[in-house]
Amino acid sequence: MSRGPGWIQREILAIFDNADYPAFDTSELCRRIYKTTAIEKKHRVAVIRAIRGLAKGRLRALHVWRPEFEKADLVWFDSHRIPLAKRGRPAAGLA
């Protein structure tokens, strides 16, 4: 049984709570959490797994936007605090 959010999930919650405009791409979240510019695949995977877990629980309003014709990062945003950005898919629906 889980004992609550892990340290990456706590960092993500703090980032979204303290942001004026809570929309971040995966690379930006990795830079803020790991405090490095050398982002590796293991960092990206850990952040994506943590944020998907939060989308199923504490951040149910979290949505994801994936650029259609561009090879770019996923953009995660809180649809409760950004009301005009409801066009993305719910993050929990990503599989």
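Visitor: How many salt bridges does the structure hold?
Guide: This is a predicted model, in which local features need pLDDT of at least 70, side-chain atom pairs count only at pLDDT 80 or more, and totals for chains, interfaces and linings use all residues. Residues are numbered from 1 along each chain as its sequence is written, and side-chain values use heavy atoms, with hydrogens and water left out. A salt bridge requires a side-chain nitrogen of Lys or Arg within 4 Å of a carboxyl oxygen of Asp or Glu. The number of salt bridges in the structure is four.

Visitor: Which residue meets the side chain of R31 in a salt bridge?
Guide: Both partners lie in helix α2, three residues apart, and are therefore separated by about one helical turn. The N to O distance is 3.2 Å, and the partner of R31 is E28.

Visitor: How are α1 and α2 oriented to each other?
Guide: Helices are DSSP runs of H or I of at least four residues, and strands are runs of E of at least two. Helix α1 (residues 7-18) and helix α2 (residues 26-34) pack with their axes (lines fitted to C-alpha atoms over the stretch in contact) 10 Å apart. Their angle is about 110°. The two helices are therefore (65 to 115 degrees) roughly perpendicular.

Visitor: How many charged residues are in the contact of α1 with α2?
Guide: In α1, the residues W7, I8, E11, I12, I15 and F16 meet L29, R32, I33 and Y34 of α2 (heavy atoms within 4.5 Å). By class, eight residues of this contact are nonpolar, none is polar, and the number charged (Asp, Glu, Lys and Arg) is two.

Visitor: How many residues are nonpolar in the contact of α1 with α3?
Guide: Helix α3 (residues 41-56) packs against α1 at about 70°, with the axes 9 Å apart, and the two are therefore roughly perpendicular. From α1 come I8, Q9, I12, L13 and F16, and from α3 come A46, V47, A50, I51, G53 and L54. Two of these residues are polar, none is charged, and the nonpolar number is nine.

Technical notes. Axes fitted to C-alpha atoms, helices over the stretch in contact; angles between N-to-C directions. Parallel < 35°, antiparallel > 145°, perpendicular 65-115°, else oblique.
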